[in-house]
Amino acid sequence: MKYCSNCGHTLDIRIPEGDNRPRSCCPQCGTIHYVNPKIVVGTIPVYQGQVLLCKRAIEPRYGYWTLPAGFMELAETTHEGALRETWEEAGAKAELGPLFTMLDVKRADQVHLFFRAHLPTPDYSAGEESLDVQLFDEADIPWQDLAFKTVETTLKLFFKDRSQGQYSLHTGDVFEPVSWPAESFKPQ
Ligand code: ZN
């Protein structure tokens, strides 16, 4: 960020008083422009055991497959965002289930949240940001052509949990998530 979005003045990089790291500060109007990680929300939409994936029509990762997901918008909840992305990218009206993964992507300054979701009917279509949308059996998942590590990790955990008949919540680093089975954590 070079110019103040509040007054247009050139910004300085300095550590504000009482803070402990450099920020973009406006010497004219005094605004401190904090930049924080972004939240990505999405779903694992399932219809009769098959998972709905979208082939991306936009960069990054044009032509690769992804679960429907995108940046959370202002004035919406994580649930609303996940359902909105599923509608916009896959043309699917999903019923939202519980949170399944919350994965940190430190190098991109992002946190990705995926919710399990149920598709009541096999109705879907490619939205503006998708080239194609398809239901996949586990055996047909295009593992080599997935767009993002969070999608790969989420799908692997999903099929592992499903085969064991119990879904856990998985959180932490995208490369080394920690699994939290129901009832695994007891207050001392
Ligand atoms: Zn300013």
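Reader: Which domains does the domain assignment of the protein give?

Author: Domain bounds come from an automatic or database domain assignment. Here the assignment gives domain 1 (1-35) and domain 2 (38-173), and their centres, taken over C-alpha atoms, are separated by 36 Å. This is a predicted model, in which local features need pLDDT of at least 70, side-chain atom pairs count only at pLDDT 80 or more, and totals for chains, interfaces and linings use all residues. Residues are numbered from 1 along each chain as its sequence is written, and side-chain values use heavy atoms, with hydrogens and water left out.

Reader: What are the protein donors of the zinc ion?

Author: Donors are N, O and S atoms within 2.8 Å of the metal (3.2 Å for Na, K and Ca); water is not among the atoms, so sites may look incomplete. For the zinc ion they are the SG atoms of Cys 4, Cys 7, Cys 26 and Cys 29, at 2.2 to 2.4 Å. Along the chain they follow the spacing C-x2-C-x18-C-x2-C.

Reader: Why is the arrangement around the zinc ion tetrahedral?

Author: Four donors count as tetrahedral if all angles lie between 85 and 135 degrees. The four donor atoms here subtend angles of 99 to 118°, which makes the arrangement tetrahedral.

Reader: Is Cys 4 buried or exposed?

Author: Buried means under 20% relative accessible area, exposed over 50%, and partly exposed in between (1.4 Å probe, protein chains only). Cys 4, at 4% relative accessibility, counts as buried, whereas Cys 29, with a relative accessible area of 33%, is partly exposed.

Note on methods. Tetrahedral: all angles 85-135°; square planar, octahedral: opposite > 155°, others 65-115°.
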